[in-house]
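I opened my notebook with the sequence and the structure side by side. These entries keep to what I looked up.

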Amino acid sequence: MKSNPKNRNITALAAVAGGLVLAAGVAGAQGVVYQDEFDGDGLADNAGVGGGLGSFDRQGGPWLDSAGGVLDANRASGHNNRGNVHTLADFDLSGGFALEVTYSTSQVTSGRVNFGVIDSAGIPAVQDSSNYVTDYLSNDRGQYGIGMDLTAHDGNQGLAMADGTGVTSLSNAQPVAAGTQTVLLIVDSDSNWSYSIDGAVATSGTLTVPFDFTRDYKFFAFAQSLTNIEPNAPNDFMIDRVVLTVPPPDDTSAPTPDPMSWASAPEGISEDEIRMTATVATDIKNGVEYRFYNMTDPTHDSGWQASPSYTDSGLAAGTRYEYTVVARDTSVNLNETAASPVASASTLVEDRIAPTPDPMTWASAPAAVSPYAVGMSAASASDPKGVEYYFSNLTDPDHDSGWQDSPDYIDSGLLPDTSYSYTVKARDKSQARNETAESAPVVSASTDVYTGDDLFADSFDRDDSSSSDGGTLAESALGMSGSLGGLSWSGKVFPQTTNPGTSTVLDINGGAMRMDLYGTEGMEGGLAYISDHNFVDVAIKAAGAFTVSVDLNSAESSGNGRVPGFGVGQSLDDLEGMTGAHPEMGSADVFIGYDRFGATQGIAVYHGAELVGYTGFPSTHIGVPTNLTAWFWFADMNAGSTLNYEVLLDGESVVTGATSWSGSDENFISLQSNTTGETRFDNFAVRAVSQFEDDYSAWVARYPGADLSDPEGDFDGDGVSNEVERLFGLDPGDSSSLSPYVEPFDPVSGTFSFSRRDDALTELHASVEVSRDLRNWATDGGAVLVAGDPDVSGVEIVDVQLSAGLLEEPELFVRVALGDPPPPVLGNGSFEDPEVPDNGVEALGVPWTFYDPADVASTASGTADIYNPPFEEYPGEAPDGANVLSVLFSGAIPNTAFGCSQVLGESFAAATDYRVSVEVGRATFFDWPGYGVQLWAGATLLAEDANSLTPAAGTFETSTVHYVYDPADAGLAGEPLEIRLLNLGGDPERAGSSGLGFTVDFDAVSFSSEPSAN
């Protein structure tokens, strides 16, 4: 069976009938009146909707339609360099409007930038330096309009409105950050407004004076003096996309046909079900819904639904029912058709007869098919209503099959060398579920203890021969066995560089392969590899697994026995090109070796040149025969596919892990040692595993007779791959088993439920993602997922509660994604990445970013770097590791805070307390400016430590920031959490200033959360 790569990300998408996407409410359809993607076709031309733009500037500040797909505010330097751009066409917004603008900027902290809609009558026909429209929303210019002011200039940051006599600031609750943002501004016909940035919780309100919708409006944007923002960055503000939409006119017409009609009249399909289909209705402006009325029993009406088909279930057997159907559109008027003609149908007469044969019989009696599984087949039963089968494991009822469609069953995950007893029965699929009597019990043959087939084995029991010059390790195939017969070894030795005359030997000696390497450890090595066979055999690929095994022995009883072991997943070119010590570790996809350094010993695992694992042991193994074995299993041998492994030392499992194949069908295998003495390799073997049970094959075994060998295939043709069916606990043989959502989404409570295969089996993490437009998705870090107990097939139901703040959204889509576990909430908390030499400095990198709202970097020579301080600055060294974060300014005292920040991988959640702990350091020789440690949720400061500690020079003290949940903060749910580490830029010790600068160091940042008592 093929195993499943464990690092594959699987997402449940809205790609199948029934839907895997849940909506918390969908806004009415909108009509686009202006849309431009700015694709370099010139301002006046627009391949989108609503015509082009006009641009006017003063003293060199034009707007340009860049070929890069953006609208550039191309600013030359100087205060009066300003420009505006607006649509050439006017738009009727009398029913309200929605304006979506996507823009990018490095920072907007000075100069002026704003955009929105403006009364077209307020724009002069001729614009020059004497008759120029400027500053629409920052100052009173006599215009009428509404829009976003991004720069906090004149105190109007956020949404602002100009009414011809002045400018009113409506909100400054969401400051603008650097990067790419999307602003969505909505104003309805009742003068209610709301706006959001990048899908954050919307800010909303109502205008005190109603908005004048009788005017004609243009979209506009304005920019001034953007070179003041950042030196040498004239193209600092760019608009990527604009969409202006208005509601459609009222719909007063019902869908057609009117009255409704039947595509398929009602028909009884079982003792309790009647199926029917309406003619598909259409509406010129809106969507359509259907309602089926059960005139005999109104409690069985369908309710309004999107599907034109309805199956009425739970009815009485042998009973006639009458139906009509109507349709309506989804406009605000909900225009409804007249009812269809009445049609009737009867449920079927109740079935009281069990399938045949009764009692059930065996087609193939239970028998062991692997060390861990028993296979069996029931005789095919027949019944007009269809048949299901149930296999009972009388020895271990936890292994019963449950009711299934297939007459074949493989009971997997059993104990080896054990016998099990089984019976089977069948039932029909009628409402009565009539069961047969059980078959006679059968005891299976005992499950087998694992055995593998040798592809190649070498006991090295042949005449001694020398191969230090790289020649063959033997002159015959004596001692070799396995289905591949005798294979050729090649070898190399790498003498130490400090004493190249020292003797090194690689040969056959005393019935073992000997690597006798002398000199300084780390400067020499030996390599032996099977040079004429690539282990990509059919037997290995069919099994999806193989093992490598070797006995290790050393004649040296003390000292350093460094990394004798074996590597897999190499190319022949890699091996033939080796030129130095530690040859194996740079080429093997996985290298596993026994490592001893003095009294320390253990198993070292390398992926290429990277040491990824080390497991130590309390007793010495090397010096006596020690068996080192590794199991490897995989889905295929293509580059990038997962290669899993488990390492056993003397039969005891000590290390498990996974990496990926570096090349396709490259699996040369070798032995290597890098030691100060002699290592002997004996009883080497490569085996193809005859049976290996991974989760995918265990799942496949539950559906005997179904071809599920390809995880990406679709056995039942329902549009969902076999792999997705496994991960979401669906039935790969049932084309109606499409959706994992077992309880639909409730937009009031924010709850739903879905099924999945136990994550302990799949090793995949479930997360909840939300979107407002089905294009941009974000993880709801505050969502609560509670998993129930897995059933006998390994499937569990997960109950989900969304973050409370998301339920305020007017339109929301929700989906479940399965993927690798998320990264840590806090990254690089001790600033040890990258490595920094003593007294060295490296630039701050992700996930930390430089926080400098007042441009201290240029005005006061401010920096925030990863720093490895010398002993003189901190005699006690850094609290955690070697590095610290150093926040320093060496110029004029800025009297403002700056430093670094990190947006955490966790969002604010209701009823949760948060704690941040940081080591704050005061370096010797530097002056102390004061520090700040802050925790934010979006734009809201939750808690801070504002310089409560004053560490002694050359020491660190622990700062703790504790936020206790306040129910008044419930609206912050879903907002990203952020830590800021700040140099406050003050000068409390100015007297006797060192002249070296004012610095605060930070280290050992930690973050935790816990349920709140509030």
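The entries below go from cores to rings to a sheet.

I noted that this is a predicted model, in which local features need pLDDT of at least 70 and side-chain atom pairs count only at pLDDT 80 or more, while totals for chains, interfaces and linings use all residues. Residues are numbered from 1 along each chain as its sequence is written, and side-chain values use heavy atoms, with hydrogens and water left out.

Cores. I looked up nonpolar cores (sets of buried Ala, Val, Leu, Ile, Met, Phe, Trp, Tyr and Cys residues joined through side-chain atoms within 4.5 Å; buried means under 20% relative accessible area with a 1.4 Å probe, protein chains only). The largest has 44 residues, and Trp489 and Phe632 are among those with the most contacts inside it. Apart from it lies another core of 41 residues, including Leu904 and Phe1002.

Rings. I then counted 31 aromatic pairs, where rings of Phe, Tyr and Trp (its six-membered ring) pair if their centres lie within 6.5 Å, and planes under 30 degrees apart count as stacked. Tyrosine 34 and phenylalanine 219 are stacked, at 6.1 Å centre to centre and 25 degrees between the planes. These two residues are 185 residues apart in the chain, and both are buried.

Sheet. I found an open sheet of 6 strands, ordered β56-β58-β59-β66-β61-β64, with antiparallel pairing; strands are DSSP runs of E, at least two residues long, numbered from the N terminus, and two of them pair if DSSP finds at least two bridges between them. Its edge strands are β56 and β64. Strands β59 and β66 pair over 5 bridges, and leucine 888 has threonine 999 in β66 as its bridge partner.

How values were computed:
Buried < 20%, exposed > 50% of the residue type's maximum accessible area, 1.4 Å probe, protein only. Phe/Tyr/Trp six-rings, centres within 6.5 Å; stacked < 30°, edge-to-face > 60°. Helix = DSSP H or I, 4+ residues; strand = E, 2+ residues; numbered from the N terminus.
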